[in-house]
Amino acid sequence: MPDTLTITRPDDWHLHFRDGAMLAETVPATARVFRRAIVMPNLTPPVTTVARAGEYRQRILAAVPAGVEFEPLMVLYLTDQTPVEEIARAAASPFVHAFKLYPAGATTNSDSGVTNPARILHLYEAMEKYDVPLLVHGEVTEPEIDIFDRERVFIDRYLNDIRERFPALRIVFEHVTTGEAVDFVREAGQLTAATVTPQHLLMNRNDLLVGGVRPHNYCLPVLKRRTHQQAIQKAVLEGHPAFFLGTDSAPHARDQKEAACGCAGCYSARAALPLYASFLDRFGALDKLQGFASEFGAAFYRLPANPDTITLLRQPWQVPQRLSAAGEELVPFMAGEQLPWALAV
């Protein structure tokens, strides 16, 4: 077995930096590993315009460590009031790369999201016209729908129709969690893709609920049955080009996670690449890391492959138990776990 693994420097096609003082932790943690990252726009207030995205981008760039090359790929937040003109402006922008559909109330800071995805067909039409990708948080939010069924219902109620009506629209099904989502992406053609998170690849709902509630494994969409986890794993292990790396890394202070109403999100930025490598190594599929982490996403977003490389070492590395950020204590995803792969310093 190889003791080192060198791949083209990867990109993270879905993450949350947050804002303000938190950027001092989140931006370096990602920029030291990934060359580019699709930056989620669910701030307060949300990033709904090219102008706001430009301002946010400058704050991110100011937090990049000296000597590190990193490019934030900005995303705009769709609302019921998004004007078609903003899609044209986004298409003309050199730094905006997509729009994000959050169903209102689906996840953190999504209250300003779209109340009915079927009522913004004119926006999908404009995105198709200007070739701006649509990134989808694929869940319905009605309280009567079981939380474990919300992704499947979103596909049946909205996504099949959007895919059929707008055949030239590029769609990314973000953080897929179910076999139904995997099947949808497999069957929808080359203009449909999906991001895969470490938590949905490595865990299922037993890891959230067995032996007591484990708040630091709580994310949205919530972890599903093992059969759904296995469907995601199969797509990654076979090297399917529609499935690529997107950590959904999302920091929350420890006291907000370990609360009576804990918030959703797993902060995986520092450990993400070793986690993916360790998973693939366990199944004898390390050769799939290059495509999954460094090629498939860039091809879908029609961006060039990165010119540099990164190396992992087969040596034990322990995920930190705690981190400090913005004056708060964070518990990272897989805190305290020892992994068989580490990033070369």
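A residue is taken as buried when its relative accessible area is under 20%. By this criterion, in the predicted model, 8 of the 9 residues of helix α1 (residues 23-31) are buried, and the helix is mostly covered. The buried positions are Leu23, Glu25, Thr26, Val27, Pro28, Ala29, Thr30 and Ala31. The elements that cover them include the strands β2 (12-15), β3 (36-39), β12 (323-325) and β13 (328-330), together with helix α2 (50-62).

Serine 249 is located in the loop that connects β9 (243-245) to α10 (254-257). Its relative accessibility is 1%, and serine 249 therefore counts as buried. Leaving aside residues up to four places away in sequence, serine 249 is in contact with His14, Leu15 and His16, and also with Cys266, Tyr267, Ser268 and Ala269. A polar atom of the serine 249 side chain lies 3.1 Å from the backbone nitrogen of serine 268.

Packing of two helices was also examined. Two packed helices are described by the angle between their axes and the distance between the axes. For helix α5 (residues 150-165) and helix α6 (residues 179-187), the angle is about 15° and the axes are 10 Å apart. Angles under 35 degrees count as roughly parallel, and α5 and α6 are therefore roughly parallel to each other. Their crossing is right-handed. On the α5 side, the contact is formed by Glu151, Arg152, Ile155, Leu159, Asn160 and Arg163, which meet Glu180, Ala181 and Phe184 of α6. The residues of this contact comprise 4 nonpolar, 1 polar and 4 charged.

Conventions
Residues are numbered from 1 along each chain as its sequence is written. This is a predicted model: local features need pLDDT of at least 70, side-chain atom pairs count only at pLDDT 80 or more; totals for chains, interfaces and linings use all residues. Side-chain values use heavy atoms; hydrogens and water are left out. Axes are lines fitted to C-alpha atoms, for helices over the stretch in contact, and angles run from 0 to 180 degrees between N-to-C directions. Helices (H or I, at least four residues) and strands (E, at least two) are DSSP runs, numbered from the N terminus. Angles under 35 degrees count as roughly parallel, over 145 as roughly antiparallel, 65 to 115 as roughly perpendicular and the rest as oblique. A crossing is left-handed if the near helix is turned anticlockwise from the far one by less than a right angle, and right-handed if clockwise. Contact means heavy atoms within 4.5 Å. Ala, Val, Leu, Ile, Met, Phe, Trp, Tyr, Cys and Pro count as nonpolar, Asp, Glu, Lys and Arg as charged, and the others, Gly among them, as polar. Buried means under 20% relative accessible area, exposed over 50%, partly exposed in between (1.4 Å probe, protein chains only). A polar contact is a pair of N or O atoms within 3.5 Å; within protein, one must be able to donate a hydrogen and the other to accept it, and residues adjacent in sequence count only if both atoms are side-chain atoms.
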